[in-house]
Amino acid sequence: MVQLLVWLIGLCIFLLLIFDPPLGLLILWNILIPVAPALLVVAAGLWRNICPLATTVLLPRHLNLSNKKKMSPLLQSKLQLVAIIALYLIVPVRHALFNTNGMATAALLTVAAVTGILMGFRYDWKSGWCSSLCPVHPVEKLYGSRIIASLPNAHCDRCVKCSVPCPDTTPGFHPAITRKNSYQTWSGLLTIGGLPGFIWGWFQVPDHTGATSLTLLLDAYAYPFFGFLGSLLLFVLLKRLIGQQQERVLISFFAAAGVSCYYWFRIPALLGFNHLEKDGLLLDMRGVLPEWSILSMTILSTLFFFWWLVFRKSGHRSWVLRPVYV
Ligand code: SF4
């Protein structure tokens with residue numbers, strides 16, 4: 001029921017992006033997306049169960065229209081690398097285009113949905129999109145390693161081992177858990193090392209309205225790219241310094257840094273305290289809330305994410321429970 005409800009909400013947002021772009025953009029970028037990182041940290045399985053795009057692309061499998069082909073682990077590794085590169089290529093375009101253009105955002109979602117559905121017609125369960133090509137999947141893997149509880153699986157009724165290892169049902173899954181080939185090694189490295197700096201850089205760029213030019217696009221890529229490069233180099237350096245045994249702690253630290261950095265900028269922006277004027281505004285609380293309350297919220301959110309992801313003692317849990325094997 002929740003899956004259906006969220007799918008209908010997703011459909012409404014999609015239609016609003018076309019017929020009432022300001023409202024659609026506000027709900028998508030300033031309500032739905034800001035909730036997502038915290039949800040992934042606390043209950044990644046809940047998002048995996050109710051994501052409206054997942055519900056759409058898994059329809060062929062639910063309706064038994066899929067060829068149920070088994071994807072090879074090598075192809076899956078390649079597609080996972082494509083997913084993280086796609087994330088880094090698509091997200092900067094939000095400033096130049098998607099944040100302010102409902103039609104373009106609807107077109108982006110359509111391309112994602114059509115690609116996912118086509119993959120769903122060919123490959124079994126989540127291997128075609130949710131655990132391979134989806135550009136949000138690398139973020140799920142980075143943030144979702146210490147979730148609060150394993151939920152029942154609301155998609156796969158029988159496990160066919162479509163993804164090996166399965167990110168949904170492997171306890172304590174993180175981006176560097178598998179390094180059997182260079183594609184997996186690279187996608188893990190780019191996700192863990194690059195994301196915190198990329199997020200920092202992304203928040204330094206203002207939204208543009210009007211026509212998108214090549215200069216605007218280059219501007220939108222510059223800060224995120226240099227941030228990405230900086231944190232990636234730092235991660236590689238620290239990894240060498242601390243050695244293999246402490247690597248897991250370092251990964252958690254970078255995950256906490258990424259999500260904390262996101263809310264460090266996102267919370268002030270949502271409430272009208274953005275250093276970049278009205279970008280990302282949900283409710284203008286300037287004059288209502290004192291400046292120190294915003295700073296307190298950002299510090300508290302940072303403390304929370306570091307405690308949750310780095311210091312809290314947590315059991316090794318999977319996002320969802322594995323259904324019985326076929
Ligand atoms: S639980 Fe099994 S069928 Fe479902 S996504 Fe994981 S590996 Fe695939």
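Trainee: Where do I start? How do H5 and H9 cross, and how far apart are their axes?

Mentor: The axes of helix H5 (residues 73–90) and H9 come within 8 Å and cross at roughly 20 degrees. That angle makes H5 roughly parallel to H9, because it is under 35 degrees. This is a predicted model, by the way.

Trainee: Is the crossing of H5 and H9 left-handed or right-handed?

Mentor: Left-handed. On the H5 side, the contact includes Ser77, Leu81, Ile84 and Tyr88. On the H9 side, Tyr183, Trp186, Leu190 and Phe198 are among the residues that take part.

Trainee: What about H9 and H11? At what angle do their axes cross?

Mentor: Roughly 20 degrees, and the axes of H9 (residues 182–202) and H11 come within 8 Å. So H9 is roughly parallel to H11. H9 passes H11 in a left-handed crossing.

Trainee: Which residues of H9 and H11 meet?

Mentor: From H9, Ile192, Gly193, Leu195, Pro196, Ile199 and Trp200. From H11, they meet Ile251, Phe254, Ala257, Gly258, Cys261 and Tyr262.

Trainee: New topic. How far apart are the end C-alpha atoms of H2?

Mentor: Only 24 Å, although H2 (residues 21–50) has 30 residues. A straight helix would reach 44 Å.

Trainee: Where does H2 bend?

Mentor: At Ala43, by about 120 degrees.

Trainee: Which residues of H2 are buried?

Mentor: Among them are Gly24, Leu28, Pro37, Leu40 and Val41. Further along, Ala44, Gly45, Leu46 and Trp47 are buried too. The cover over the buried residues of H2 includes H1, H3, H7, H8, H11 and H12.

Trainee: Now the loops. Which peptide bond is cis?

Mentor: The one from Val164 to Pro165, with omega near -5 degrees. Pro165 sits in the loop between H8 and H9. Most peptide bonds are trans.

Trainee: And what is the phi of Asn64?

Mentor: About 60 degrees, a positive value, and Asn64 is not a glycine. Asn64 lies in the loop between H4 and H5. Asn64 counts as exposed because it has 7 C-beta neighbours inside 10 Å.

Trainee: What about Lys68? Where is it found?

Mentor: In the loop between H4 and H5. Phi of Lys68 is positive, near 55 degrees. With 16 C-beta neighbours inside 10 Å, Lys68 counts as partly exposed.

Trainee: Last one. Is Gly315 buried or exposed?

Mentor: Exposed, because Gly315 has 11 C-beta neighbours inside 10 Å. Gly315 is in the segment after H12. Gly315 and Thr302 are 13 residues apart in sequence, and their C-alpha atoms are 22 Å apart in space.

Key
Residues are numbered from 1 along each chain as its sequence is written. This is a predicted model: local features need pLDDT of at least 70, side-chain atom pairs count only at pLDDT 80 or more; totals for chains, interfaces and linings use all residues. Helices (H or I, at least four residues) and strands (E, at least two) are DSSP runs, numbered from the N terminus. The expected span of a helix is 1.5 Å times one less than its number of residues. The bend at a residue is the angle between axes fitted to the seven residues ending there and the seven starting there. A residue is buried if 20 or more other C-beta atoms lie within 10 Å of its own, exposed if 12 or fewer, and partly exposed in between; C-beta atoms are placed from the backbone. Two residues are in contact if their C-beta atoms, placed from the backbone, lie within 7 Å. Axes are lines fitted to C-alpha atoms, for helices over the stretch in contact, and angles run from 0 to 180 degrees between N-to-C directions. Angles under 35 degrees count as roughly parallel, over 145 as roughly antiparallel, 65 to 115 as roughly perpendicular and the rest as oblique. A crossing is left-handed if the near helix is turned anticlockwise from the far one by less than a right angle, and right-handed if clockwise.
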